[in-house]
Amino acid sequence: MQTDIARAFDLTDRAAVVTGAASGIGRAASILFAKAGANLVIADRESGALAETASEISKLGREVVPVVMDVSIRSEVEALVGTALDRFERLDVMANVAGIMRNAMFLDVTEEDLDAIIGVNQKGVFFGCQAAARAMAERGGGSIINIASAGMDSPAPDISVYAMTKAAVAMMTRSLAIEMGPQGVRVNTVAPGFIDTGMTQRHWIDGDGNQDLEARDTMWGQMSARVPLGSIGQPEDIAFAMLYLASDASRFVTGQVVRPNGGVAMP
Ligand SMILES: NC(=O)c1ccc[n+]([C@@H]2O[C@H](COP(=O)([O-])OP(=O)(O)OC[C@H]3O[C@@H](n4cnc5c(N)ncnc54)[C@H](O)[C@@H]3O)[C@@H](O)[C@H]2O)c1
């Protein structure tokens, strides 16, 4: 077995697709995969911020194709995987990162909220898994990485639909891992704790970019106090777990939930 550390984590000339790549965890993972040598197709519905991620990757000397799309639309997800196959003639890694959160107490959740959250977090990941697994199986294997959340481990008020979709992603991962293992396709979930990204910054940065630093400090203080390691996480903390799952270092790992969460949940 290969035990050279750099080689075990190396993605040189492999092709990776990352959704949600305009921001936060998706952006950090795209850049880390590029640093590990991968060429990328990056996707998001936010074109301007996606172009910024693409520019970072180009500066690293890797090939990158930005695709503005919506993961909740099956044909767009299939086309996304098709773009990777057309451009790189392979698909080694598929990271289904795009996700949304809307806060509402259970009794107040509207059908519109329900459909929107399930559409992105659950159907979007399902479509990504299906398209990628098919392409990978035809080419001898690959690694699919789905993003869930510590919210699937511990119930909290006003995120019931979000938590439900993330638990579904973990179970979907296991079902797919069972079916695709014999074809060399590994499927794993990463369930992050509280991370400093757009998803959490919306609590202290308004739509015009105004920052309420007092609100930030209060929120970070409350979140950190619940975490055994005593801090919130950064996008790179999740990207490193994703690099492990993307690379040969994790070649014997499938159907698992990896939890970079500071210890906030230990199921
Ligand atoms: N930040 C956290 O604390 C945290 C914790 C656990 C899990 N997560 C999960 O991590 C993933 C990444 O979130 P993040 O924290 O980086 O947040 P983020 O808001 O910074 O990034 C999410 C990205 O997904 C994109 N996106 C949303 N809907 C889309 C759609 N329909 N089609 C294409 N792109 C779409 C957004 O435009 C955005 O760029 C999500 O699945 C989220 O649920 C985040």
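**View 1. Two domains in one predicted chain.** Domain bounds here come from an automatic or database domain assignment. This is a predicted model, and its protein chain is assigned a domain 1 that covers 5–195 + 234–258 and a domain 2 that covers 196–232. So domain 1 is written as two stretches of the chain, while domain 2 is written as one. Going by C-alpha atoms, the centres of domain 1 and domain 2 sit 24 Å apart.

**View 2. Where domain 1 meets domain 2.** Here's a look at the contact itself, to which domain 1 brings 12 residues and domain 2 brings 11 residues. The size of an interface is often given as the accessible area lost when the parts come together. For domain 1 and domain 2, the buried area comes to about 950 Å², with 62% of that from carbon and sulfur atoms. On the domain 1 side, the residues that lose the most area to domain 2 are F194, I195 and Q234, and together they make up 61% of what that side buries.

**View 3. What kinds of residues line the contact.** Let's stay with domain 1 for a moment: its side facing domain 2 has 7 nonpolar and 5 polar residues, and no charged ones. How many salt bridges run between domain 1 and domain 2? The count is 0. As for polar contacts across this interface, there are 3 residue pairs, with both partners at pLDDT 80 or more.

**View 4. Polar atoms up against the ligand.** D44 puts a side-chain N or O atom 2.6 Å from an oxygen atom of the ligand. I25 uses its backbone instead, with an N or O atom 2.8 Å from a ligand oxygen. At V71, a polar backbone atom lies 3.0 Å from a nitrogen atom of the ligand. On its own, the ligand has 820 Å² of accessible area, and the protein covers 94% of that.

Technical notes. Residues are numbered from 1 along each chain as its sequence is written. This is a predicted model: local features need pLDDT of at least 70, side-chain atom pairs count only at pLDDT 80 or more; totals for chains, interfaces and linings use all residues. Side-chain values use heavy atoms; hydrogens and water are left out. Contact means heavy atoms within 4.5 Å. Buried area is the accessible area (1.4 Å probe) that two parts lose on being put together, summed over both. A salt bridge is a side-chain nitrogen of Lys or Arg within 4 Å of a carboxyl oxygen of Asp or Glu. A polar contact is a pair of N or O atoms within 3.5 Å; within protein, one must be able to donate a hydrogen and the other to accept it, and residues adjacent in sequence count only if both atoms are side-chain atoms. Ala, Val, Leu, Ile, Met, Phe, Trp, Tyr, Cys and Pro count as nonpolar, Asp, Glu, Lys and Arg as charged, and the others, Gly among them, as polar. Accessible areas come from the Shrake-Rupley method with a 1.4 Å probe; for residues, only the protein chains shown count as cover.
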